[in-house]
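Here are my notes on this one, point by point. Have the structure open while you read.

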Amino acid sequence: MAKKKSETPKTLKIRQVKSAIGTQRPHREVLRSLGLRHPHHEVERPDTPAVRGMVNKVAYMVEIVEEPS
């Protein structure tokens, strides 16, 4: 059998750029489920459709941090 090439799973680095104060409760819950606690907090999450959907829902409060190549 052929060996599979071991690839590192893709990840997203997500940074909260806006406070959750005064936002809708479901949006605050999405931030919590992503692991974001306060503005300028960064987390690394796997690049899955579920995580992409959560980021899309609160796109006005977060940004994807690009890794320098």
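1. Let's start with Glu-44, which is found in strand E2. (Helices are DSSP runs of H or I with at least four residues, strands are runs of E with at least two, and both are numbered from the N terminus.) Glu-44 is partly exposed, with a relative accessible area of 46%. For the cut-offs, buried means under 20% relative accessible area, exposed means over 50%, and partly exposed is in between, with a 1.4 Å probe and protein chains only.

2. Before going on, the ground rules. This is a predicted model, where local features need pLDDT of at least 70 and side-chain atom pairs count only at pLDDT 80 or more, while totals for chains, interfaces and linings use all residues. Residues are numbered from 1 along each chain as its sequence is written, and side-chain values use heavy atoms, with hydrogens and water left out.

3. Back to Glu-44: what does it touch, not counting residues up to four places away in sequence? The list is Thr-11, Leu-12 and Lys-13, where contact means heavy atoms within 4.5 Å. With Thr-11 there is a side-chain to side-chain polar contact at 3.1 Å. (A polar contact is a pair of N or O atoms within 3.5 Å; within protein, one must be able to donate a hydrogen and the other to accept it, and residues adjacent in sequence count only if both atoms are side-chain atoms.) Glu-44 and Arg-15 are 29 residues apart in sequence, with their C-alpha atoms 8.9 Å apart in space.

4. Now the charges. The count comes to 5 salt bridges, a salt bridge being a side-chain nitrogen of Lys or Arg within 4 Å of a carboxyl oxygen of Asp or Glu. Glu-42 and Arg-15 meet in one of them, at 2.5 Å from N to O. Since Glu-42 lies in strand E2 and Arg-15 in strand E1, this pair ties together parts that are 27 residues apart in sequence. Arg-15 is partly exposed at 22% relative accessibility, and Glu-42 is partly exposed at 31%.

5. Glu-42 has another partner: its side chain meets that of Lys-13 in a salt bridge of 3.9 Å, N to O. Here too the pair runs from strand E1 to strand E2 (residues 42-46), so it ties together parts that are 29 residues apart in sequence. Lys-13 is partly exposed, with a relative accessible area of 27%. Lys-13, Arg-15, Glu-42 and Glu-63 are linked in a network of salt bridges.

6. Arg-25 is exposed at 58% relative accessible area, whereas Glu-29 is partly exposed at 43%.

7. Which residues of H1 are buried? They are His-27, Val-30, Leu-31 and Leu-34. These cover an arc of only 100° around the axis, which puts them on the same side of H1; the arc is that of the directions from the helix axis to the C-beta atoms. They pack against E1, E2, H2 and strand E3 (62-64). The face turned away from the buried side carries the exposed residues Arg-25 and Arg-32.

8. On to the largest nonpolar core, which has 13 residues. (Such a core is a set of buried Ala, Val, Leu, Ile, Met, Phe, Trp, Tyr and Cys residues joined through side-chain atoms within 4.5 Å.) Those with the most contacts inside it are Ile-14, Leu-31, Leu-34, Leu-36, Val-58 and Val-62. Strand E1 (11-16), helix H1 (25-34) and helix H2 (49-57) each supply at least two residues of this core, with the largest share, 3 residues, coming from H1. Leaving aside neighbours within four places in sequence, Leu-34 is in contact with residues including Ile-14, Val-51, Met-54 and Val-58.

9. Two backbone spots to look at. Just after H1, Gly-35 takes a positive phi of about 95°. His-40, in the loop between H1 and E2, has phi near 75°, a positive value in a residue other than glycine. His-40 is exposed at 63% relative accessibility.

10. Finally, the whole chain. The protein chain comes to 2 helices and 3 strands, in the pattern β-α-β-α-β along the sequence. Of its 69 residues, 26% count as buried. Among contacts between residues at least 6 apart in sequence, 71% join residues at least 24 apart.
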